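Visitor: I have a model open on my screen and would like a guided tour. Could you take me through it?

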Amino acid sequence: MTASNIFDRDNLEELIPAVWGQRINDYFKATMVAGSFFTDRSDELSGGGDILYTPVIKAMTVNNKSKQSEVTLQAADQDKVTLTVQTHKEVSFLIEDIDAARMKKSYSAMNQLAENAGFEVGEDLEVALLSLMSGFSNSVGASTTNIADSEILAAIAYLETNKVPGIHSGSVAFFLHPNVFWKQVQILDKFSLAVNSPVNDPTAQKPKGMLYGIPVYTSPNIQNVSGTSGYYNGLAHRDAIHFATSSLGSGGSKGSMVGSSGVRVQANYIPEYLGTLVTADIVYGVVENRNEAGVRILTKE
């Protein structure tokens, strides 16, 4: 018997199916860190409204008191911080019935796409919050250099000098781009050597994410310094930045839900298109509430 005339793949091509597997490669998503840390004022707008005022009380001056003389009266104008909640963002898509019927049911594609839409509008708020760190007037570092231990200490000193409370109680945190934390902070001997670590060798396990007893949050949503590849990292008290979302309610004909950070996802059947429209949206506002309660930390990429 010779090896000729044996079936190969080309001969059997019409009999070999191309199979769509059971799994989907969805895109990776960043962990939201800013929305769960900074001060959420949404409850104060639950009854309506799109502008929230926060009074700012100014410190008074201590004066000398001479014997048998009048006290020195003070009447400084007070101030306010204005949080405007008018930014409306949405992500929408529509799938007609005929195409929904054709899609593989195990993929649960409609639910997955709806979840992704909700994530994307929520991330818009996350970026808006982290972008405000560029406005802190207290600043250390440069967009052309690695972060230095001296700059970390200088940032902490800024807050203590400004009498910011709760620095080591969880009310203050560092926000660093992953490149900064892993490529710059973790190459500093003070933070990477086992002898200086409260845990076992940190090269063998994940660091606890603390710098001088202050929590560290990493996010790829840390913004670039304008015109450079450097980053606006930050050290901030949770009261440094405020945000609020509007209560949009629900009412989708095929269901609606409001998730974390005020993101609403609703589905409506559209007879004109014989399909289902899914929309995720959010109405939010962000504001730098206390400039003295934050420090921007500039670093290279």
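**A walk through the model**

Guide: Let's begin with Glu 14, which is exposed, with a relative accessible area of 68% (exposed is over 50%, buried under 20%, partly exposed in between, with a 1.4 Å probe and protein chains only). This is a predicted model, where local features need pLDDT of at least 70, side-chain atom pairs count only at pLDDT 80 or more, and totals for chains, interfaces and linings use all residues. Residues are numbered from 1 along each chain as its sequence is written, and side-chain values use heavy atoms, with hydrogens and water left out.

Visitor: How many aromatic pairs does a search of the whole structure find?

Guide: Rings of Phe, Tyr and Trp (its six-membered ring) pair if their centres lie within 6.5 Å; planes under 30 degrees apart are stacked, over 60 edge-to-face, and the rest tilted. Run over the whole structure, the search gives six.

Visitor: What kind of pair do Phe 37 and Tyr 217 form?

Guide: Their centres are 5.8 Å apart, with 55° between the planes, so by the cut-offs the pair is tilted.

Visitor: How many residues apart in sequence are the parts that this pair ties together?

Guide: Phe 37 lies in helix H2, while Tyr 217 belongs to strand S8 (residues 214–218). The pair therefore ties together parts whose separation in sequence is 180 residues.

Visitor: Is Phe 37 buried or exposed?

Guide: Phe 37 has a relative accessibility of 2%. That value makes Phe 37 count as buried.

Visitor: And which class does Tyr 217 count in?

Guide: Tyr 217 has 28% relative accessibility. Tyr 217 therefore counts as partly exposed.

Visitor: What about Phe 38 and Phe 175: what kind of pair do they form?

Guide: Here the centres are 5.2 Å apart and the planes are at 20°, so the pair is stacked.

Visitor: How far apart in sequence are the parts tied together by that one?

Guide: Phe 38 sits in the loop between H2 and strand S1 (39–40), and Phe 175 in strand S6 (residues 172–176). So the pair links parts that are apart in sequence by 137 residues.

Terms used. Helices (H or I, at least four residues) and strands (E, at least two) are DSSP runs, numbered from the N terminus.
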